[in-house]
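User: I'd like to go through the charged side chains here. Could you take me through them slowly?

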Amino acid sequence: MLALTELGQRLRQERESKGLSLEDLQKLTKIQKRYLLGIEEGNYEVMPGKFYVRAFIKQYCEAIGLDTDAIFEEYKSDIPSTQTEDMPQQLSRVRSRKEIPQHTKGVSKAYDYLPTVLVVAGVVVVGIIIWVIAQNIVSDKNKEQANQEAPNSEVQQSNTQEETNETTAKNDNSTSEDDQSAADKKEKEKAEKEKAEKEKAAKEKAEKEKAEKEKKDSGKQEYKEVQKTGRSATYALSGTDAFNLEVTSTQADTWLDVKNGKGNAFFSSILKKGETKEFDLTKETEARVNIGYSPGVELKVNGKAVNLPFDSSKQVRQVVTIQYQPAEAQ
């Protein structure tokens, strides 16, 4: 393993102080773990290029809450600068084009296109002649058709009148059917409205009863500290028939791991800034909450805010164990 540079050592210390592993940081930054390790070890040879070195270091700093500009200034001797690469092949192609005489190029192209222009002009002239002849033929046929249809105009007028009468009768029948359909639709809408109102009333009643029960339970609820050791603390929750836990991160992304007393995980991932996770642990006797970056993290038990056991400015990572005993079992 390579020796850490001053910058790499600083970044690793900040990452570990926030309780983040390289896998956690990979999820936050979307940068492969081997590149993150290369940054910490100062092994920039594994990077795709110098530009990526600076870009990856910038994302690393932002993910763990460091001032990027200050870091780049303080450790500029450890960070490579980028350079623009030359493109000699493109310049060579530009010179070869300039060497071709322009006046001969235009004349030769004009002669090349002359036969094509003459052929196209001939095709256009033939097309115009054919179009004129076709128009004359169509005009003659239209005149003959008009003369043949004149004697039948009266018969067609009579048929049109009969069709009009039939259409009127159909419209009258359709109107009566539409009226019946509108009445049925109105009755259906009325029934649906009454059903929705009943469901709404039932839902409001259930919510009211639930709120009253929670209020009643919260009056009896006790949340007491049992012990503290290192970065871990244990609390006892009693006097309530519910165990609902809410965890909210308000300042930054944090690693959150919530398990029961048997080690079964309910959540084990990054909790985004501004995100809240809710857990119904009523059927559990114990819950273990592991918080990787505690500043700005808020805990609520049964809707009531509870304090973290340690000062988050001094103890970034904190582990809270809650032992639950339902009121009915007491």
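User: What do the side chains of lysine 76 and glutamate 73 meet in?

Analyst: They meet in a salt bridge, with 3.5 Å from N to O; the term stands for a side-chain nitrogen of Lys or Arg within 4 Å of a carboxyl oxygen of Asp or Glu. Please keep in mind that this is a predicted model, in which local features need pLDDT of at least 70 and side-chain atom pairs count only at pLDDT 80 or more, while totals for chains, interfaces and linings use all residues. Residues are numbered from 1 along each chain as its sequence is written, and side-chain values use heavy atoms, with hydrogens and water left out.

User: And are lysine 76 and glutamate 73 buried or exposed?

Analyst: Both lysine 76 and glutamate 73 are exposed, where exposed means over 50% relative accessible area, buried means under 20%, and partly exposed lies in between (1.4 Å probe, protein chains only).

User: How many salt bridges are there in the whole structure?

Analyst: A search of the whole structure finds twelve. One of them joins the side chains of arginine 15 and glutamate 40, at 2.8 Å from N to O.

User: Where do arginine 15 and glutamate 40 sit in the chain?

Analyst: Arginine 15 is in helix 1 (residues 6-17) and glutamate 40 in helix 3 (residues 33-41), so the pair links distant parts of the chain, 25 residues apart; helices here are DSSP runs of H or I with at least four residues, numbered from the N terminus. Arginine 15 and glutamate 40 are both buried.

User: Why does lysine 18 count as buried?

Analyst: Lysine 18 counts as buried because its relative accessibility is 12%. Its side chain meets that of glutamate 14 in a salt bridge, at 3.5 Å from N to O, and glutamate 14 counts as partly exposed because its relative accessibility is 21%.

Notes
Helices (H or I, at least four residues) and strands (E, at least two) are DSSP runs, numbered from the N terminus.
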